[in-house]
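I opened the notebook to look up a few packing and pairing details. The entries follow the order in which I checked them.

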Amino acid sequence: MTRKWLHLIACAAAFAVARAQPVQPEVCGYVYSLQGSWRIAPQYVIELKQGMAVHAGDRIQLKSSGRPAHLDIGLLNGTVFSRNCDTEQDCQGVDTMTAVTRAKTLTERLIGMMSGFSARQPPLVFTLTRGDGPRPEEAVLRRTRGTVDLAPALRSTASGTFEVALFPAGEERSIAQVPCRWMAPHGACALEAPKAGLYKLQLSAADAPPAAVLVLIADAPDYAPAAAAFADAARVADAWGEGVRPATRHYFLSSVLNQLASERVH
Amino acid sequence: MPRQEPRIPAWIHFGTGLILIFIAALVSYRLHHTGFGRHLEMVNLDAWFRGGQTVVDPDVVVVQIADADYHDKNEPFQHACPLPVAGVTALIRAVALSAPKVIVVDLDTADWPPGQRAAALADADSALGKLGFAQPSVAWAIGGAQETGGGGHDTGTLNAEQIKDDPVSCFGVPAAIPDSDGVVRGYLPYLLQQQPPKTVLIPSLAVAASQLSKGRGCTSDVQPQAGEQTPADDLVDYSGGPERFLHLTAGTVLGAADSPAWQNSNPLKSEIAIIGGSFQEGRDRYVTPVGYINGIDILASAVATALKGGVREPSRDKFILVDVLVGMFLVTGGYFLHRYWLLAISFIAIPFVAFGASFLVFAGTRYFMSFIPVVAAVFLHHLIEHAVEHWRMQRELRELRARG
């Protein structure tokens with residue numbers, strides 16, 4: 001009986017010791033480029049090689065005398081640890097690797113959480129990244145079973161949420177107004193148009209002035225020739241390059257659409 | 001000291017409480033579908049993200065073309081825009097040699113010549129075969145530049161390769177778009193595009209990556225509703241911020257990929273490797289609930305969210321039931337702790353209880369719901385009760401004085 005208890009205690013002790021063993025140190029990066037003999041202190045037995053992992057706490061030193069030498073380690077936080085050694089005086093010391101991931105303390109988390117409920121600065125949005133409001137372009141749009149896909153007119157518009165309105169040419173009241181979540185360049189923005197013809201398409205975003213362009217809505221039989229003619233005109237406008245003012249381009253393409261609309265009527 | 005009994009009968013206290021809270025729950029559910037209510041909820045959710053723990057994600061690793069990679073004339077990217085095909089191809093090969101489960105290419109490959117994508121993987125495939133590793137699945141990004149498929153510059157027309165759906169390779173849209181306040185909180189799970197005579201379903205890149213990692217076709221689980229044009233956003237779980245993903249620079253992977261030590265053990269093995277750019281010229285940075293971060297980190301968060309089933313929002317019945325339960329819990333507390341000085345304390349304590357409940361629900365189940373309207377109802381209930389009691393006491397006092 002006593003032996004049985006002793007055996008049990010020994011097992012429990014072995015288990016406790018096994019649990020108490022330090023966990024394997026955390027990998028913090030990988031060597032991807034090196035020249036010279038870089039070794040891990042203090043034994044200097046392990047020589048670093050390309051592709052080898054380095055761990056937090058590893059102490060690294062250059063042990064060869066030849067110059068130049070270098071070491072590049074890609075750290076797991078997306079940065080690079082580099083040592084460039086051009087003269088004898090360079091790289092004499094030992095570098096200690098540190099962990100790249102640090103858990104936030106409870107205080108940091110609480111402060112982060114509470115900051116969300118306080119007054120916030122409006123988010124900074126780079127206009128170059130998000131675009132400077134909607135930028136619709138003149139286009140020939142196909143009407144299929146009364147529905148018009150607006151994608152060709154939105155091809156230069158950055159992704160975002162817009163209010164889209166359609167005005168018959170020369171009129172001030174819109175005949176269709178819908179919200180549109182545009183995802184460049186394949187978003188699905190569509191609205192109902194009662195008939196084909198020339199329209200003003202207006203896009204409004206919450207934080208930018210509305211922008212409008214002329215579009216020609218064509219039914220299926222008329223669409224292909226009108227779209228082909230307009231594509232030719234667009235290519236001509238594209239060939240002008242960046243030197244031409246945007247307004248000139250708009251006038252030209254609007255005139256083409258007007259011409260196409262009048263040809264369709266007559 | 002004698003116990004101060006509540007003067008209002010229990011059935012009135014709980015009856016009015018239940019009615020008010022039920023109304024608040026209905027209002028709360030209605031507000032959930034309005035811009036104002038949604039904004040309040042999102043401010044609440046943003047806070048939970050910022051308070052989340054940073055635990056290293058076990059499934060997703062980011063391989064980023066950093067500023068140093070992009071500007072280095074000796075690296076294959078050579079400060080060029082668009083990124084050179086040879087450079088991107090070399091990076092995809094290097095990532096493939098690291099034996100990931102899925103490669104997500106969040107770079108513009110729209111103008112690549114036909115067959116170039118397959119060629120990018122062919123070299124790696126033969127090397128992987130020799131090493132005994134399986135071929136990774138690949139999700140390619142479309143969008144961000146005009147497509148040239150189909151007829152010339154016919155924007156929006158996808159070719160047959162781009163709309164195919166198989167468990168090895170497919171295309172997806174990096175469909176994260178900002179809310180009306182400019183903060184990127186969600187992504188569209190898929191887009192529907194009219195390509196007469198049919199409607200083509202294009203998955204988001206996050207859904208495509210998630211599906212490929214499960215060995216399924218990219219759109220096999222996607223069921224658009226009849227007549228639907230644009231699906232509702234799926235929320236991105238930003239808990240832990242971008243720091244929860246391991247990041248490697250493109251230079252690291254390019255330099256180490258052919259070495260035996262790397263092929264033996266590397267952080268990309270059996271993971272979802274997301275390749276993208278974090279260099280400044282890419283201008284791919286956005287405002288999110290956890291700060292101003294790179295587009296590639298938003299995609300990584302979206303992929304991780306899609307893998308875990310998303311930030312779930314409760315159904316209408318659950319929404320109302322949980323609201324009523326939390327509200328009645330607070331009303332019960334108010335009944336047994338019926339002191340005048342407790343009214344002041346409850347003004348401070350009740351929001352903490354409500355937000356605490358919301359946080360616990362989110363932290364434990366990844367369900368998100370806000371209890372703000374219910375808190376307002378409990379406040380209102382407290383105020384009405386105290387006002388009624390005050391009015392009754394005043395009346396009794398007047399009656400006593402009249403008798404005296």
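Which residue stands opposite A:Ile60 in strand 4 of chain A? I found A:Ile40 there. I note that this is a predicted model.

**Strand 4, chain A**

I looked at the strand's neighbours next. Strand 2 (residues 38–41) of chain A runs antiparallel to strand 4 of chain A, and four bridges join them. I then checked strand 7 (residues 95–96) of chain A, which pairs with strand 4 of chain A in the antiparallel sense over two bridges. There, A:Thr96 is the bridge partner of A:Arg59. I also looked up the two faces of strand 4 (residues 59–62) of chain A. A:Ile60 and A:Leu62 form the covered face, while A:Arg59 and A:Gln61 form the uncovered one.

**Helices 7 and 10, chain B**

I turned to helix 7 (residues 205–213) and helix 10 (residues 295–307) of chain B. They pack at an angle of about 50°, with axes 8 Å apart. That makes helix 7 of chain B oblique to helix 10 of chain B. The crossing is right-handed. I listed the contact residues: helix 7 of chain B supplies, among them, B:Leu205 and B:Val207, and helix 10 of chain B supplies residues including B:Leu299 and B:Val303.

**Chain A against chain B**

Last, I checked the interface. I have 46 residues of chain A in contact with 53 residues of chain B. Helix 2 of chain A gives the largest share of the chain A side, five residues. That side has 23 nonpolar, 17 polar and six charged residues.

Terms used. Residues numbered from 1 in each chain as written. Chains lettered and ligands numbered in written order. Predicted model: local features only at pLDDT ≥ 70, side-chain atom pairs only at ≥ 80, totals over all residues. Contact = placed C-beta atoms within 7 Å. Nonpolar A, V, L, I, M, F, W, Y, C, P; charged D, E, K, R; others polar. Axes fitted to C-alpha atoms, helices over the stretch in contact; angles between N-to-C directions. Parallel < 35°, antiparallel > 145°, perpendicular 65-115°, else oblique. Left-handed = near helix turned anticlockwise from the far one by under 90°. Buried ≥ 20, exposed ≤ 12 C-beta atoms within 10 Å, placed from the backbone. Pairing = 2+ DSSP bridges.
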